[in-house]
Amino acid sequence: SCRGPRIDRGWLRCTLYLIIAGLLITIPTLGTAQEKRIEIGVLALGPRPVPAWHCGPADYRLASAERPSETMPFYVLGLRDELEKLKYVEDRPENAGKPGRRFALDLRMGTIKEVRVYAREFVRRHVDMIVGVATLAVRVAQEEARDSSIPILMTGVSDPVGEGFVRSLARPGGFITGVSHQLVQGSGKRVELFQEMVPGLRRLIAMRQPGYGPSEKSMEEIRAVAGQLKIEVLDWSVTSREELQAALAKARWEAGDGIMILPDSLIISNVDLVLETSLEQRVPAFGLQDYMADWGALGAYGPSAYQSGGRERDQSARIAFTQ
């Protein structure tokens, strides 16, 4: 099989809930069917091509030249499904006549420049809330909505305090709330698990954008553990999808190499390139969220993106009930 074992442990231990005190209001019930539709603007990098591979004894190859693209990030899928469990109803034609308060997900994915344009549009429309997927999208939402009162829900953020999204975990303040998955804290453990799965691991390749806080901290843990295990670490800097693609194409892969996927928005939004190279070159990759193992990584250790998104439902429901 192209897919390695799937490792997804302890996500509950590394999920924090940051709830704005002023929004602690009872979750709505079926009686809200005639209320105003909730407008939710969603910002994310992407869409990512989804790797689809044929497996065989001789080679690995793409199943088709035209790969499917991700239509909705797992965080957003989890949020949508959990809202529907609370009897909210997404405003789609197939839900016509179904009882429950309506909500509309306006998902916008693109480059960082495009995401900024989308954020400005959401602010002009004054949507009821903005959901930012990962640190870069949340930062754009924060900057563009600074002079508005639009609440921002963050998801896929490792260090909300360090990034300046909240004052503290105990007292976040402001208009930003949500879930922190703390992917940085599992970085050293991933190195240990990777070597357990690949005992001959001698060289670890990591790719990241320079100066990005979560991946900087992740590299500190990786280097510390790799040093103890006598594993060499190669730290590659890239600033775009094109640079990442070029770096992967010109690399000289050796026996004992492995690729570590970091908590880095740029790398995660282009993880298809990493996983395709991993399979094509027979160089194992280790991920940090469960779906990465489904997409071709040898294994993954960290929270479920889908379940983390589902944990946003209570915050979004509280915000919605104040509209």
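Is Lys-230 buried or exposed? At 72% relative accessibility, Lys-230 counts as exposed. Here buried means under 20% relative accessible area, exposed means over 50%, and partly exposed lies in between (1.4 Å probe, protein chains only). The model is predicted: local features need pLDDT of at least 70, side-chain atom pairs count only at pLDDT 80 or more, and totals for chains, interfaces and linings use all residues. Residues are numbered from 1 along each chain as its sequence is written, and side-chain values use heavy atoms, with hydrogens and water left out.

The secondary structure comes to 11 helices and 14 strands. Helices (H or I, at least four residues) and strands (E, at least two) are DSSP runs, numbered from the N terminus. The protein has 323 residues, of which 55% count as buried. Contact means heavy atoms within 4.5 Å. Among contacts between residues at least 6 apart in sequence, 71% join residues at least 24 apart.

Helix α1 covers residues 74-85. Its 12 residues reach 17 Å from the first C-alpha to the last, close to the 16 Å expected at 1.5 Å a residue. The expected span is 1.5 Å times one less than the number of residues. Buried residues in α1 include Tyr-75, Val-76, Leu-79 and Leu-83. Charged side chains are represented too: Arg-80, Asp-81 and Glu-82 are buried in α1. Lys-87 follows α1 and has a positive phi, near 75°.

Two helix pairs were examined. Two packed helices are described by the angle between their axes and the distance between the axes. Axes are lines fitted to C-alpha atoms, for helices over the stretch in contact, and angles run from 0 to 180 degrees between N-to-C directions.

The axes of α2 (residues 112-125) and α3 (residues 135-144) come within 9 Å and cross at roughly 40°. That makes α2 oblique to α3. Angles under 35 degrees count as roughly parallel, over 145 as roughly antiparallel, 65 to 115 as roughly perpendicular and the rest as oblique. The crossing of α2 past α3 is right-handed. A crossing is right-handed if the near helix is turned clockwise from the far one by less than a right angle, and left-handed if anticlockwise. From α2, the contact uses Ile-112, Val-115, Arg-116, Ala-119, Arg-120 and Val-123; from α3, it uses Leu-136, Val-140, Glu-143 and Glu-144. These residues divide into six nonpolar, no polar and four charged. Ala, Val, Leu, Ile, Met, Phe, Trp, Tyr, Cys and Pro count as nonpolar, Asp, Glu, Lys and Arg as charged, and the others, Gly among them, as polar. Arg-120 is partly exposed, at 40% relative accessibility. Its C-alpha lies 8.3 Å from that of Ala-141, 21 residues away in sequence.

Helices α4 (residues 187-197) and α5 (residues 213-228) pack at about 40°, with axes 7 Å apart. They are therefore oblique to each other. Again the crossing is right-handed. Ser-187, Gly-188, Val-191 and Glu-192 of α4 meet Ser-218, Glu-221, Ile-222, Val-225 and Ala-226 of α5. This contact has four nonpolar, three polar and two charged residues.

Several loops show backbone exceptions. Most residues other than glycine have a negative phi, and most peptide bonds are trans. Lys-230, in the loop between α5 and β11 (232-237), has a positive phi of about 65°. His-126, between α2 and β7 (129-133), has a positive phi of about 50°. His-126 is partly exposed, at 43%. A cis peptide bond joins Gly-46 and Pro-47, with omega about 0°.
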